[in-house]
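Please keep the sequence and the structure in view throughout.

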Amino acid sequence: MYQCNKYNDKLNVSSRKIRELREKNKLSLTGLSTKLALMGIDISKPSLHKLETGKRILKDYELYALSHVFKVPIEELLNDFISELKDEDVV
């Protein structure tokens, strides 16, 4: 059986930021799913909800596609995680 480790009880570190950017851009889950589909990235509405709640792993190509849709650098989607590491003197 495949086992995946969690970070702070979530399967990805960008969940909060994805939801924040989606809402800031006035996109529904369906609207975001459609924009991603136009790029060839198939993430259904239920899967996007799981991404935003940290219950789904975010693949690297999905991270890039989301940064492209929201017109932000990838680092912005990882900001919370990076800040936590800096606060803990890990990096």
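The model discussed here is a predicted one. In it, the axes of helix H2, residues 29–38, and helix H3, residues 45–52, cross at roughly 105° and come within 9 Å. H2 and H3 are therefore roughly perpendicular to each other. On the side of H2, the contact is made by Leu29, Thr30, Leu32, Ser33 and Leu36, while H3 supplies Lys45, Leu48, His49 and Glu52. By class, the residues of this contact of H2 with H3 are four nonpolar, three polar and two charged.

The loop between H2 and H3 holds Ile43. Because its relative accessible area is 1%, and buried means under 20%, Ile43 counts as buried. Beyond residues up to four places away in sequence, Ile43 touches Ser33, Leu36, Leu48, Leu51, Arg56 and Glu62. Of these partners, Ser33 and Leu36 of H2 and Leu48 of H3 also take part in the contact between the two helices. The C-alpha atom of Ile43 is separated by 15 Å from that of Asn12, a residue 31 places apart from Ile43 along the chain.

The axes of H4 and H5 come within 7 Å and cross at roughly 110°. That angle makes H4 roughly perpendicular to H5. Here Leu63, Tyr64, Leu66 and Ser67 in H4 meet Ile74, Leu77 and Leu78 in H5. The contact of H4 with H5 has six nonpolar residues, one polar residue and no charged residues.

Helix H4 spans residues 60–70, and its buried residues are Glu62, Leu63, Ala65, Leu66, Ser67, Val69 and Phe70. The partners against which the buried residues of H4 pack are H1, H2 and H5. One of these buried residues, Glu62, is also among the residues touched by Ile43. After H4 comes Lys71, whose phi is positive, near 55°.

The largest pocket is the next feature to consider. About 160 Å³ of space lies in this pocket. Its lining consists of 13 residues, and those nearest its centre are Lys10, Asn12, Val13, Ser15 and Glu84. Helix H1 (15–24) and helix H5 (74–87) are the elements that give two or more residues to the lining. H5 gives the most, with four residues. In terms of class, the lining divides into four nonpolar, four polar and five charged residues.

Two of the residues nearest the centre of the pocket, Lys10 and Ser15, may be set side by side. Lys10 has its place in the segment before H1, whereas Ser15 belongs to helix H1. Lys10 counts as partly exposed because its relative accessibility is 32%. Ser15, by contrast, is buried, with a relative accessible area of 3%. With neighbours within four places in sequence left aside, Lys10 is in contact with Ser15, Thr53 and Gly54. On the same terms, Ser15 is in contact with Lys10, Leu51, Glu52, Thr53 and Gly54. The C-alpha atoms of Lys10 and Arg56 are separated by 8.0 Å, although the two residues are 46 residues apart along the chain. Arg56 is also one of the residues that Ile43 touches.

Methods. Residues are numbered from 1 along each chain as its sequence is written. This is a predicted model: local features need pLDDT of at least 70, side-chain atom pairs count only at pLDDT 80 or more; totals for chains, interfaces and linings use all residues. Side-chain values use heavy atoms; hydrogens and water are left out. Axes are lines fitted to C-alpha atoms, for helices over the stretch in contact, and angles run from 0 to 180 degrees between N-to-C directions. Angles under 35 degrees count as roughly parallel, over 145 as roughly antiparallel, 65 to 115 as roughly perpendicular and the rest as oblique. Contact means heavy atoms within 4.5 Å. Ala, Val, Leu, Ile, Met, Phe, Trp, Tyr, Cys and Pro count as nonpolar, Asp, Glu, Lys and Arg as charged, and the others, Gly among them, as polar. On a 1 Å grid over the protein atoms alone, a cavity is a set of points where a 1.4 Å probe fits but cannot get out, and a pocket is an open set with protein on both sides within 12 Å along at least five of seven lines; lining residues have an atom within 4 Å of a point. Grid points are joined across faces, edges and corners, and a volume is the space filled by probe spheres set on the points. Buried means under 20% relative accessible area, exposed over 50%, partly exposed in between (1.4 Å probe, protein chains only).
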